[in-house]
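Subject: Structure handover

Hello,

Here is the structure for you to look through. My notes follow below it.

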2 protein chains.
Amino acid sequence: MLRKLVVVGVGLIGGSFALALKAAGAVDHVVGVGRRETTLERARALGIIDAIGALEASTLSDADLVLVSVPVAQTEKVLAALAPHLRATTLVTDAGSTKHDVVAAARAALGTGIRQFVPGHPIAGTEHSGPEAAFAELFRGRNVVLTPLEENSAQDVARVRRAWENCGARVREIGVTEHDRILAAVSHLPHLLAYALVDHVTGRPGGERFISFAAGGFRDFTRIASSHSEMWRDICMANRIGLIEELDGYTVILQELRAILERGDALALQAVFERAREARNHWLEQSGT
Amino acid sequence: MLRKLVVVGVGLIGGSFALALKAAGAVDHVVGVGRRETTLERARALGIIDAIGALEASTLSDADLVLVSVPVAQTEKVLAALAPHLRATTLVTDAGSTKHDVVAAARAALGTGIRQFVPGHPIAGTEHSGPEAAFAELFRGRNVVLTPLEENSAQDVARVRRAWENCGARVREIGVTEHDRILAAVSHLPHLLAYALVDHVTGRPGGERFISFAAGGFRDFTRIASSHSEMWRDICMANRIGLIEELDGYTVILQELRAILERGDALALQAVFERAREARNHWLEQSGT
């Protein structure tokens, strides 16, 4: 049970974390901190947070857990601001979609306090943002990745794990490097591709007429292109080396498909389609998605 | 009101057309024709068709309308088989996702009977296939494109239009060439990209571990990669010149994004993301999707 949770960045992820812990009866008091007062007031009106705080002693000194859920490029600034007020009994975790940059930021900002920082990433979300988008069930059955540091105690990792498990999540521990490599492929690349497709279709002369013939396939393919652009800019920038590598690998496959189309090789094309179809259906079965 | 409708290929599209017309009270009797007897029997058990027929006089001679909804590469064979039994009072339409090849096939198969063939394309579907996937509401509010030929009479085009309107669809008439160019961009390319992404992620060593970290964004992006592989092979092959052109244009955008990532230009990246996001949200508002 957490007596006091501080959520820095009360949007889709931070807000849902607070709501899920409240629904589970796993937190007493939630304080929200953020860039915009109006957002925090909406979060309070929605019952997501109980009070509005700031990155100062009165908010932080008696906190059990601080969740930093801001665009990843802001992590260092946030952690540097809370560092002077961090008591030894407070744990800090984050919800950033990239971990290499977040860990580097945490080391720079927290110094020896790094042992109190357990990096995390809930692999869940929607294309909506802000406290209105938050809901208690967001993490139910979803993967939450923790990438514990050698400085973390097993006990502290277990406390952060328990908080996410109380949200209904499936917690998995992997290394920072593996996390960023995997997420580049299964999340960052698809976001880049979706934004690119919308731009490709609508950016041409007559693009509005083109898109007016689009249907459900296009809508779902590009759903993630309605995501928060600042957040995804930060993620793509933070993991750009890995993302470029994935983009290059994907481009190779597109060029193979282009060659197949060019030579009119229907059998080869169907073989790729069928292989992908089976792999996706197998994943759906395995994951219960 | 149609007295007798013949559906050749009673799958998702053909089955939904029959169900929608039945629900609208716009057809008396539906006869199904297809490659597999077991599929037709399932369609009859599901109440989609009233009887099982064949491409012969007894099925076709008193038909008001024939819908050909088979993978596009089979269009010519189907039309050639029904041509000898085609009475002057019977209209034929299709549901193919490409129109240039379908019209060429129809001209070859039907000769002067081409005036009775009104090409159509319901831009609706799901990733599921077969009669079990059919449902009466599939076309409600969706675009159905007709690409009338100069040989068609205005009256015949209006009859096919009315049938689709009875399914709740929004019918739009455009030219064959424009249809194939637009659909290459908003439908055929996204399907190719989705199949390619699944193959890219799962085709590597450890691919199964990679995909186990995928979430809702990946699921929706790749939904269409669970589509019928033979149907999409045929579509991509039939429209391969246009598809290659779209793929090349898309690849240019990916290379621009790669350059932006390479030089770490966060502002440029966000500008693309935000432009795409706004364009997509604008489309969602306009289309009521």
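How many residues of chain A are in contact with chain B? There are 73, and they meet 73 residues of chain B. Contact here means that the C-beta atoms of two residues, placed from the backbone, lie within 7 Å.

Before the rest, the ground rules. The model is predicted: local features need pLDDT of at least 70, side-chain atom pairs count only at pLDDT 80 or more, and totals for chains, interfaces and linings use all residues. Residues are numbered from 1 along each chain as its sequence is written, while chains are lettered from A and ligands numbered from 1 in the order in which they are written.

The interface

Helices (H or I, at least four residues) and strands (E, at least two) are DSSP runs, numbered from the N terminus. H7(A) gives the most, with 18 residues. By class, this side of chain A has 42 nonpolar, 17 polar and 14 charged residues. For that count, Ala, Val, Leu, Ile, Met, Phe, Trp, Tyr, Cys and Pro are nonpolar; Asp, Glu, Lys and Arg are charged; the others, Gly among them, are polar.

The parallel sheet

Chain A has an open sheet of 6 strands, in the order E3-E2-E1-E4-E5-E6, with parallel pairing. Two strands pair if DSSP finds at least two bridges between them. E3 (51–52) and E6 (117–118) of chain A are the edge strands, each pairing on one side only. E5 (residues 91–94) of chain A is joined to E6(A) by 2 bridges, and the two run parallel. A:Thr93 stands opposite A:Val118 in E6(A). Helix H4 (residues 75–82) of chain A packs on this sheet and touches E1 (2–8), E4 (65–68) and E5 of chain A. The direction of H4(A) makes about 155° with that of E4(A). Axes are lines fitted to C-alpha atoms, for helices over the stretch in contact, and angles run from 0 to 180 degrees between N-to-C directions.

The mixed sheet

Another open sheet in chain A has 3 strands, in the order E7-E8-E9, with mixed pairing. Its edge strands are E7 (120–122) and E9 (170–173) of chain A. Neighbouring strands of this sheet are turned by 20° against each other on average, direction ignored. E8 (residues 143–146) of chain A runs parallel to E9(A), and 4 bridges join them. A:Val145 has A:Arg172 in E9(A) as its bridge partner. Helix H6 (residues 154–166) of chain A lies across E7, E8 and E9 of chain A, at about 165° to E8(A).

Residues to look at

Is A:His121 buried or exposed? A:His121 is buried, because 27 other C-beta atoms lie within 10 Å. The cut-offs: 20 or more other C-beta atoms within 10 Å of a residue's own is buried, 12 or fewer is exposed, and in between is partly exposed, with C-beta atoms placed from the backbone. A:His121 sits in strand E7 of chain A. Its contacts beyond four places in sequence include A:Lys99, A:Val144 and A:His179.

B:Asp94 lies in strand E5 of chain B. B:Asp94 is also buried, with 28 other C-beta atoms within 10 Å. Among the residues that B:Asp94 touches, beyond four places in sequence, are B:Ser69, B:Thr75 and B:Gly120.

Helix H5 (residues 100–110) of chain A has buried residues including A:Val102, A:Ala106 and A:Leu110. The buried residues of H5(A) pack against H4, E5, E6, H7 and H10 of chain A. Just after H5(A), A:Gly111 takes a positive phi of about 60°.

Best wishes
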